[in-house]
Amino acid sequence: MLAGDVNIRLERTADPNAVEFFELLGGYGLVQHVSGMTHDAGGTLDVVCNCTCDDLPSPVVGVIDTGLSDHRLLRWSSSLLRPQPTYVTSTRRPWKSFDREIFEVDLLASALCDEQQWSALDGDGLVKLYDDTIGALLDRQIPFKSVTCRRRPSNEWYDDTCRSAKRHLRSLERAARRAGPLSDTTLPAVIAWRTERRRYFDMVQQKRSEYWTARIDSERLQPHRLWKSFDRILGRGQTQTVSDIDASVLHRFFDDEVAGVRDATAGAPPTQFIAAPVGCELRCFQAVTPSDVVDMVQALPDKQSSSDPQPTWLLKTYVRSLAPFLCRLVCWSLENGCVPSRMKSAYITPILKKAGMDTTDPKSYRPISNLSVLSKLLERLLAKQLVAYLKDNDLLPDRQSAYRAHHSTETAVLRVLSDMLLALDSGNLAVLTLLDLSAAFDSVDHATLL
């Protein structure tokens with residue numbers, strides 16, 4: 001809402017200042033709701049405006065002469081109630097009480113570090129042994145607990161420094177309450193708490209200001225991103241979560257989409273492709289070593305799936321002890337040309353493609369698959385050998401930018417821009433044709449690919 005004294009005679013609709021002011025309001029989607037005289041000398045000089053895109057009803061503004069000023073008092077009612085807090089119950093492990101030394105002793109004594117207990121297992125058996133063993137070790141020390149907490153997403157600028165300072169402030173507050181009433185400013189504990197509170201508030205305000213100042217300065221030459229940042233600051237464009245879409249509906253939609261693509265191309269002629277030159281063959285993968293596994297695990301990002309028995313940071317900590325077991329799991333998959341079925345399961349998160357889209361329509365969502373860390377490890381070790389084979393035999397297209405080191409969308413755009421500028425400099429015309437494939441990855445023909 002926008003309210004105040006603008007010192008413009010808004011009742012004079014032909015006045016240039018009034019016209020410019022109303023055009024300015026219209027550009028921001030604001031509507032002025034005051035009518036009638038608001039000043040002793042006459043004229044409408046005071047305004048109450050709200051945004052037409054809000055769900056709140058338009059206010060009815062009363063103009064009251066209280067005799068205390070030459071301006072009238074404007075009074076209106078508006079629904080500004082805070083939404084009810086959302087509490088979420090989840091199960092999590094109390095990592096604060098986790099003892100690394102105890103876990104390491106238990107891990108070294110477990111079946112994962114005894115080759116005789118897993119050398120004869122197949123891929124699914126190895127994955128099951130890994131999940132069950134790690135889960136049992138953690139359950140022994142830090143079993144899952146149900147925790148109910150208030151859902152309050154943190155701001156982007158609220159970092160670990162702010163969280164640490166807040167925890168310290170809360171501990172000082174508890175100590176101050178134990179020492180006596182918080183209004184007693186003579187108690188040392190209360191003085192320490194008040195001093196820390198002032199410092200915390202100053203730090204939070206400085207963090208917020210520095211973050212948004214730096215972000216706006218960095219996006220000054222990118223209007224599209226800059227307006228998105230303004231929307232985030234003003235709380236606009238945030239999508240509310242709904243429960244009208246469930247997993248079965250999304251699953252059925254994407255199954256039908258892929259089936260529709262295949263049906264539409266069923267009568268197409270056989271796929272044409274160029275065979276690899278003679279001598280360019282990859283008949284089998286090379287066996288990986290424990291050192292390869294260690295290097296690849298250390299290069300993994302610090303994130304995991306809900307199906308992982310342990311967080312990635314914990315796997316990185318004890319990867320050298322687990323390297324022989326993980327090496328055997330990867331080598332089994334390479335030898336048999338098969339991915340264990342337990343490693344194919346993914347948690348699907350539907351992300352709304354764009355704010356404002358219909359949240360009940362499956363077409364509005366983009367599914368994000370989150371595989372387990374072991375699946376990503378196997379995928380990266382395979383990709384490393386595949387990319388090396390393609391590069392060594394010069395099988396990658398010269399202009400391919402995807403999935404190549406030192407290439408990205410930026411190099412692809414630069415190449416297209418360069419070709420267009422060269423064509424225009426030569427007196428030719430440049431035409432750009434863009435092709436968007438529906439369900440591109442889901443409709444890849446595996447026989448042709450192999």
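## A polar contact at Asn50

A polar contact is a pair of N or O atoms within 3.5 Å; within protein, one must be able to donate a hydrogen and the other to accept it. This model is predicted. In it, the side chain of Asn50 makes such a polar contact with the side chain of His33, at 2.5 Å.

Asn50 sits in strand E3. Is Asn50 buried or exposed? Its relative accessibility is 6%. Buried means under 20%, so Asn50 counts as buried.

## The sheet around strand E3

Strands of a sheet pair through backbone hydrogen bonds, either parallel or antiparallel. Here, an open sheet of 3 strands has the order E1-E3-E2, and its pairing is antiparallel. Strand E1 (2-5) and strand E2 (30-32) stand at the edges. Each has a single partner strand, so one side of each lacks a neighbour in the sheet. On average, neighbouring strands are turned by 25° against each other, direction ignored.

Take E2 and E3 (residues 46-51). They run antiparallel, and 3 bridges join them. Leu30 stands opposite Cys51 in E3.

Helix H1 (residues 16-27) lies across E1, E2 and E3. H1 runs at about 140° to E2.

## Two crossing helices

Now turn to helix H10 (residues 319-336) and helix H11 (residues 373-392). Their axes come within 11 Å and cross at roughly 60°. H10 and H11 are therefore oblique to each other. Their crossing is right-handed.

Which residues of H10 meet H11? They are Leu326, Leu329, Val330, Ser333 and Leu334. On the H11 side, the residues they meet include Leu374, Leu377, Leu381 and Gln385.

Note on methods: Residues numbered from 1 in each chain as written. Predicted model: local features only at pLDDT ≥ 70, side-chain atom pairs only at ≥ 80, totals over all residues. Heavy atoms only, no water. Pairing = 2+ DSSP bridges. Helix = DSSP H or I, 4+ residues; strand = E, 2+ residues; numbered from the N terminus. Axes fitted to C-alpha atoms, helices over the stretch in contact; angles between N-to-C directions. Contact = heavy atoms within 4.5 Å. Buried < 20%, exposed > 50% of the residue type's maximum accessible area, 1.4 Å probe, protein only. Parallel < 35°, antiparallel > 145°, perpendicular 65-115°, else oblique. Left-handed = near helix turned anticlockwise from the far one by under 90°.
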